[in-house]
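I opened this notebook to keep track of what I looked up, residue by residue. The entries follow the order in which I turned to each topic.

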Amino acid sequence: MTTTTETTTVKGAVGTAHTRVEGRDKVTGAARYAGELPFANLAHGWLVPSTIARGRVRSVEADPVLAMPGVLAVLCHGNAPRVDANYEGTLGRPDPVVALFQHDRVPFVGWPVAMVVAETSEQAREAAEALVVHYDQEPHDVEFSAGRPGTYLPEGDGMRVEKGDLDAQLAASAHVVDAEYTTPEEHHISMEPHAATARWDNGRLEIVDSNQGSTWVADEIAKLFSLDPSSVRVLSEHVGGAFGSKGLRVHQVLAVMASTMLDRPVRVVLTRRQMFSLVGYRSPTTQRVRLGAEPDGRLRAFEHQGQSLSSTVHEFVETSAGYGRPMYAADAHHTTNRVVRLDVPTPTWVRAPGEAPGSFAVESALDELAEKCGMDPIALRVRNEPAVGPVSGLPFSSRNLLACFDEGARRFGWADRDPRPGLRREGRWLLGTGTAAATFPVLVAPSTAAVTAEADGTYTVRITAADVGTGARTALTLIAADVLEVPADRVQVRIGDSDFGHAMLAGGSMGTRSWGWAVTAAARELREKLVPGGHIPPDGITVRSDTSAVLGTLSEKERHSFGAQFAEVAVDVATGEVRVRRMLGIFAAGRIVNPLTARSQFIGGMTWGLSMALHEEAVRDRASGALVSPDLVGYHVAAHADVPRIEADWVADPDADDPVGIKGIGEIGIVGAAAAVANAVWHATGVRHRTLPIRPDRVLRAGVLPGATGAVPGDESRA
């Protein structure tokens, strides 16, 4: 059967609010996640993590466990398949933790030392908990602090960037801020745990996974196990959150190992406690910011030194000092990122890596400088608005930060604010408002896509995108519909299958931008091939795109999204509790494809910023090297109910260099939010909080509320 193309055109899908195309499936349970799909003859693996922070595995007493009901195998360093982690992947060398069971070394608490495979998950768990592992324990070091021995400057671009004579400009400044800010270890806490099922089918390895990029994981697995890339297929249709944690992790590797040994499908699902050790986290930071300014607030000197930690087996740097490089003009501009190696798991990317903790330090310091200069915090930022990149000297693709502040100030009622701290009070509550800027780089990476005109008059898009809860599948539907000039309900987008070809992973706020570019190119070429009234064969007409060449022609510019964050807080004078009453974020983040899901992304990021400011804090026990509360009982995450009124909106800011005008919105919602809350707490109480989270005990110890016991040096200071 053949059909003909229609001549009626429909445009305007992009920019119109649209419910998620898979929304009904998700709320009714029809959408199956990686840990839910049924497989015949499925076995289950349960990980056994180390209980020591440093040392060696002396022995694994597998025999008693192998005699337990349903147990099929115990994998450990003595019998596991060999792998080769000495390769360069999509994002560089892999964390050696994925080279499972290749040696007896233990570099941190939670390191995988064995896995039990059984007929049911209950049998696997019972046996794993019964498995006895003997260790030769060694002294460990998990203590992180500013400038501690072993801290070093990593190699690579962006670790140190310097312009101008910093000491001279500081000496010539009328006003100087010199302060240290600290942020704690923070975790991703995606709702869906990390899960994967591996099976061999006619010599081909298939993995059903929860990840941020199926081609990424397929490529890494092929390299790790020395397989032909064409023999590995990774599927990841629905993902219940990721935030930087769902790349190649131990669960996929374990599933492949066990499936290979047993020649049957094996599923591995990490527990919440295991996720706290094995899927990465945001490193704690210590950050020193020095600002020097003229009497009118113009910056002469800007220095930002960031320090983070990494594991002894792999280097990852939380580049917090990079935040200010595109933000504020100064005669001298120095930024440095340093790291120290400890006996802890390796950190990784967490939503807005670098920018989230970096913005807390810089935007708090700017607020302190505004106080010293006797200026409004927004006016100070206007005074230091750069015409070109402050360090690079490159032109901005667009920079609408001031438009965000103008609109945000108007809607928040900023003009009515009395700048003096500690004056507003309602009963036992001290009230304050604060603001902060936000930025995140605009990135794009090569991707491929295929668009097919089907014989029934519909269109199918195939691209190895990942919808990690952002609404990417729906956004791509709207983009394709606009280019094809058809209603959105005539477009089906299929994602999450590595067989569809290379596509950028969902990360760095560049997923939809990268995928949308590829979909636009393929759909545009397909539309040009279709002749009105022409016949479409039964197998359809397909066009495939690859954006590698066109992206190589992009001119060099400073490309960023921007935003302005506002917060109002109430501080209880009796308990020190801080409650956020309202938040407002106004963003300049390119063309908004789907306002409905975009607003959810912004609000989700802002809520996470509130969580960062007041709640999130993973504490590591020095004696054991383990986290004190690796669960959602002891690690509190803010929810929407923690802020009665939260709004997010945007100003017009299409990117002229992008075919759709997209910049990217996944990260920027969290950037600056914690600083806005912290600045509001200062306005309410007259005390600066330079250590996150702003816990009630820290508020009380500041010494300005009834029952306080005095300020803690280096933690809080009186205005």
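Predicted model: local features only at pLDDT ≥ 70, side-chain atom pairs only at ≥ 80, totals over all residues.

**Entry on Ser231.** I began with Ser231, which I found in the loop between α5 (214-224) and β12 (232-235). Is Ser231 buried or exposed? Its relative accessibility is 15%, and because the cut-off for buried is under 20%, Ser231 counts as buried. Setting aside neighbours within four places in sequence, I listed Gly203, Arg204 and Leu205 as the residues in contact with Ser231.

Asn202 is exposed, its relative accessible area being 79%. In the loop between α5 and β12 I also looked up Ser226, where phi is again positive, near 55°, in a residue other than glycine; at 60% relative accessibility, Ser226 counts as exposed. I wrote these down because most residues other than glycine have a negative phi, and most peptide bonds are trans.

**Entry on Pro693.** With peptide bonds in mind, I checked the one that joins Leu692 and Pro693, and it is cis, with omega about -5°. Pro693 is found in the loop between β27 (687-689) and α16 (696-701).

**Entry on Gln169.** I placed Gln169 in helix α4, which covers residues 166-171, and recorded it as buried, with a relative accessible area of 17%. Which residues does Gln169 contact, once neighbours within four places in sequence are left aside? I found Arg300, Ala301, Asp331 and Ala332. I also noted that Gln169 and Phe302, 133 residues apart in sequence, are 9.1 Å apart in space from C-alpha to C-alpha.

**Entry on the nonpolar cores.** How many residues does the largest nonpolar core have? I noted 83, and those with the most contacts inside this core are Leu291, Phe566, Val569 and Met583.

Methods:
Residues numbered from 1 in each chain as written. Heavy atoms only, no water. Helix = DSSP H or I, 4+ residues; strand = E, 2+ residues; numbered from the N terminus. Buried < 20%, exposed > 50% of the residue type's maximum accessible area, 1.4 Å probe, protein only. Contact = heavy atoms within 4.5 Å. Core = buried A, V, L, I, M, F, W, Y, C linked by side-chain atoms within 4.5 Å.
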